[in-house]
Amino acid sequence: MNVDHPSMNQIEIEHLNKNYGSLQVLHDISLDIPIGAFVALVGPSGCGKSTLLRTIAGLETITSGTIKVAGEVVNDKAPRERDLAMVFQSYALYPHMTVEQNMSYSLRLRRRPKAEIDQRVGEAAKILGLEKLLKRRPKQLSGGQRQRVAMGRAIVRNPKVFLFDEPLSNLDAALRVQMRSEIRKLHKNLGATSVYVTHDQIEAMTMADLIVVLHDGRIEQIGKPLDLYRRPANRFVAGFIGSPAMNFVPAEITADGRAIALGAGALLKIPRAQEPGRKVLAGLRPEHLRLDGSGERLAATVDIVEGTGSMTFIEAKVGSELVNIAYAGTYETEAGAPLTLGIASEDIYLFDPETGRAL
Amino acid sequence: MLQSGFAKYLRDGKGFEGTLIVAAVLYLLVFAAFPLIYTVVMSFQEVDMFTLGTLVRPFAGLQNYTDLFHRPEFAPIVWNTVIFVTLSIAFQLTIGFALALFFLQDFPGSTYVRGLFLAGWILPALVVGAVWRWIFAGDFGVLNYALQSLGLIDGQIYWLSDPAYALYSVIIANIWLGIPFNMILLSVGLAGIPGDVYEAAEMDGANVFQRFLTITLPMMGPTLGAVIALGVIFTLQQFDLVAALTQGGPANASNVAQYWSWQMSFQTYEISGGATVATMMIALVIVVAVIYVRSVQREQSF
Amino acid sequence: MKRYLLLALALLFAAIYLFPVYWMYATALKTSGSIFKYPPELWPSEPLVQVSRVFAEHDIGRYLWNSLLVASGITAITMLLGTGAAYALANARGTKANIALFLVIVLQVLPPSLMVTPLFVAFNHVGLLDYPRTAVVLATAAKTLAFYIVLCRATFTQVPRELKDAALVDGNSHLGAFFLIILPLARNGILITSVLVFLQSFGEYVYSRSFIATRELQTATVNLATYLSANSADWVGLMNYAGIYVAPILIVFILLQRQIVTGLTSGALK
Ligand SMILES: Nc1ncnc2c1ncn2[C@@H]1O[C@H](COP(=O)(O)OP(=O)(O)O)[C@@H](O)[C@H]1O
Ligand SMILES: [Mg+2]
């Protein structure tokens with residue numbers, strides 16, 4: 001996919017800034033969203049995800065920058081002129097309309113012929129399994145059904161772009177997992193570009209083709225899910241992507257530049273040579289720490305053990321630092337027991353302690 | 001599609017809501033803020049029937065104010081106003097609070113019966129005044145009869161024509177008018193106190209009175225403040241009752257500032273005098289309103 | 001058992017409180033002779049319905065019509081200007097919106113009897129006093145507008161913001177979203193508040209008394225007040241007049257009592 005060619009991008013955002021009064025909530029956002037992609041905007045709550053999505057929708061004005069949809073600048077276009085559909089966190093179903101009326105509302109506003117409206121609503125209802133609920137009001141539906149109606153309202157329009165603002169966060173865990181794959185399937189079948197906001201990195205990792213990590217109104221990194229996992233650009237992304245979160249341990253590059261010295265006296269070989277003597281933060285993913293001591297070794301003492309059967313989570317002390325270990329399987333140990341941990345050299349991440357940038 | 005920029009701004013931009021606010025605010029500026037300022041201006045001018053038609057009138061400096069302060073009726077009317085406001089609010093509040101507490105109890109139809117009290121609030125004050133005038137009637141009035149049967153008085157009280165009673169008659173009618181509003185607002189405040197706080201206090205061994213003093217009153221503080229402020233505002237607006245009952249008489253015995261101001265402007269045509277009283281009263285009302293708004297806004301902001 | 005005792009007590013309180021209303025209608029049913037009995041008859045011994053006589057004698061229809069016209073005009077202006085403003089103020093944040101809201105609330109509290117002097121002078125100046133009922137409508141609407149905006153704003157804040165967003169994305173303009181989505185959802189609150197404004201305006205006195213000089217154009221309040229000071233002994237006539245006047249108000253009140261109470265309690269303290 002040639003991302004540089006303008007016609008391949010459904011949405012292009014250039015140097016977008018957004019202020020609420022004197023408070024700047026989006027800083028110099030530039031982002032290209034290819035046609036047909038499923039893009040997740042992910043980040044902690046309050047980082048500006050919804051605001052970014054709403055500027056794309058035209059629900060918020062922007063302070064500076066440009067937004068293009070299908071190559072056309074839409075900065076001054078009203079939401080209704082942008083041909084986007086949106087699914088809201090609260091679903092925002094019109095309480096005074098039936099399911100059918102909710103779903104057909106946008107088509108009626110566009111004065112489509114009755115036959116076409118019926119046909120499209122019928123199709124959408126079938127896809128989402130809503131046929132029996134068409135005459136009900138939103139109040140008479142369960143949370144999951146409401147969520148489906150909100151999706152239905154978006155897909156009857158057959159829009160260029162779907163925008164989702166945390167659409168699953170009001171559902172219970174089981175339903176959330178189910179809807180995740182349904183939305184994916186829907187995207188595959190409809191092929192429309194989707195921008196999906198979530199604070200849940202697992203949702204982003206499992207659903208998206210491309211993930212945009214936001215933090216304090218800035219883009220930290222854009223990449224495919226596994227790229228973000230494997231090559232986080234900075235400490236924030238490294239800590240945000242992956243669960244349980246990456247361990248960060250202060251360390252120093254040895255004199256030959258090929259290993260790091262941890263506080264506990266361990267020496268670990270690193271994949272690429274670094275400036276000798278430099279202070280760094282070593283990032284060790286819990287699932288990369290092996291209990292058989294293979295690879296680069298470091299000594300630790302068990303602090304807390306929690307087992308779920310399929311997984312064992314150990315909190316251990318390496319010198320004075322606490323690290324988490326995720327072990328797939330059952331591992332019996334107890335607090336105070338000594339451990340020899342191992343990690344593959346290429347699984348060791350290094351970050352600048354000041355700037356947080358990956359080294 | 002041809003659409004002028006402004007029409008689009010109205011339909012799709014910030015313009016729609018902005019226009020709605022501006023329209024209402026403009027109306028208020030013309031019909032409320034302008035008269036407000038004009039009152040202040042007139043209080044510094046010589047205004048009489050001959051200069052009514054012009055805008056430019058002789059500047060009077062503080063003359064209107066000094067004239068006003070030297071009138072013999074000034075002090076009594078100010079004092080009447082103070083009594084009118086204080087007693088009205090004290091009784092409206094106490095009775096309203098007592099009723100609100102009473103209706104807080106759980107019994108069938110409590111909401112409905114409580115709602116019946118609002119009939120007093122919704123009736124035109126002038127009509128209420130007319131009815132009370134009949135109740136207060138000296139020789140055949142039902143109030144005198146009731147008080148006599150209860151053994152509280154011997155002869156007749158001439159409520160409206162006796163200078164010693166006239167003001168208090170107006171106050172009684174005004175209390176009647178104000179009770180429902182106080183009760184409803186205080187009910188809202190009381191409903192906002194979570195029940196488990198009382199249960200916790202009961203567990204700690206507080207009796208009914210202790211619970212009222214240590215929980216209800218402190219937690220109602222902000223509501224009480226708002227209700228008192230609104231009470232001052234509404235009491236200072238009360239005109240119709242005075243007009244229906246005593247017209248400020250006899251000999252200004254029941255006159256209050258807001259009625260006096262109108263009398264000067266519309267009955268004795270001392271328009272600068274009326275404007276001067278109005279200016280001082282409006283200043284007072286605005287101060288109370290500002291305190292009220294700020295306290296309510298602070299209340300909402302956490 | 002205790003609960004019914006409380007109910008009985010509550011009814012007693014309400015009866016005491018509403019006695020003046022009862023007394024108005026009881027007197028209206030008495031003969032002009034029997035009202036001057038002492039002790040007074042608490043229940044009219046020989047009730048006499050004199051409504052139509054009083055109604056015709058005092059030409060009450062004309063004055064009620066004037067009151068109705070004035071109240072309708074006031075309510076119309078208030079709804080027209082106030083509904084949109086209340087909606088916009090419910091959405092808006094920021095300093096400008098706060099100032100607007102502050103202005104609205106502060107202007108609501110100004111006593112009409114103090115504002116009437118400058119309004120009279122100004123209306124006289126621009127010739128509005130030749131249309132006294134219009135003058136009353138314009139002046140009173142400034143007062144009810146603020147009240148209406150405050151109460152309706154509370155109604156609009158209960159409509160979720162995202163509904164408007166959804167409507168905009170679905171293809172509405174701001175105007176369309178307001179009329180097709182928001183207004184229907186806020187309808188009940190708006191109607192109740194409008195009823196309250198109407199009832200208030202129906203009993204307006206200060207401005208009518210001050211602006212309307214022609215007898216034929218008087219509202220019922222002014223006419224009743226005139227009658228009150230001129231014939232202060234004709235209590236039967238007066239109470240009939242008053243009773244006729246407030247009957248529609250009381251009927252509306254009884255029909256809408258529950259909604260009025262909720263409407264007031266939701267917005268009154270905000
Ligand atoms: N209308 C608004 N006025 C002022 N600040 C706002 C407004 N909407 C959002 N914000 C602020 O902008 C920031 C980003 O909000 P939002 O985009 O909703 O975050 P997210 O969706 O990532 O949780 C937050 O700090 C929030 O407080
Ligand atoms: Mg959000």
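A nitrogen atom of ligand 1 lies 3.4 Å from an N or O atom in the side chain of A:Y20, a polar contact in the sense of a pair of N or O atoms within 3.5 Å; within protein, one atom must be able to donate a hydrogen and the other to accept it, and residues adjacent in sequence count only if both atoms are side-chain atoms. The model is predicted, with local features requiring pLDDT of at least 70 and side-chain atom pairs pLDDT 80 or more, while totals for chains, interfaces and linings use all residues. Side-chain values use heavy atoms, without hydrogens and water; residues are numbered from 1 along each chain as its sequence is written, with chains lettered from A and ligands numbered from 1 in the order in which they are written.

Oxygen atoms of ligand 1 also take part: one is 2.6 Å from a polar backbone atom of A:G46, and one is 2.5 Å from an N or O atom in the side chain of A:T51. The residues around ligand 1 include A:K49, A:S50 and C:R93, where near means a heavy atom within 4 Å. Because these surroundings come from chains A and C, the site is shared between chains.

Chain A itself is assigned domain 1 (9-239) and domain 2 (244-351), with bounds from an automatic or database domain assignment. Their contact (heavy atoms within 4.5 Å) takes 8 residues from domain 1 of chain A and 9 residues from domain 2 of chain A.
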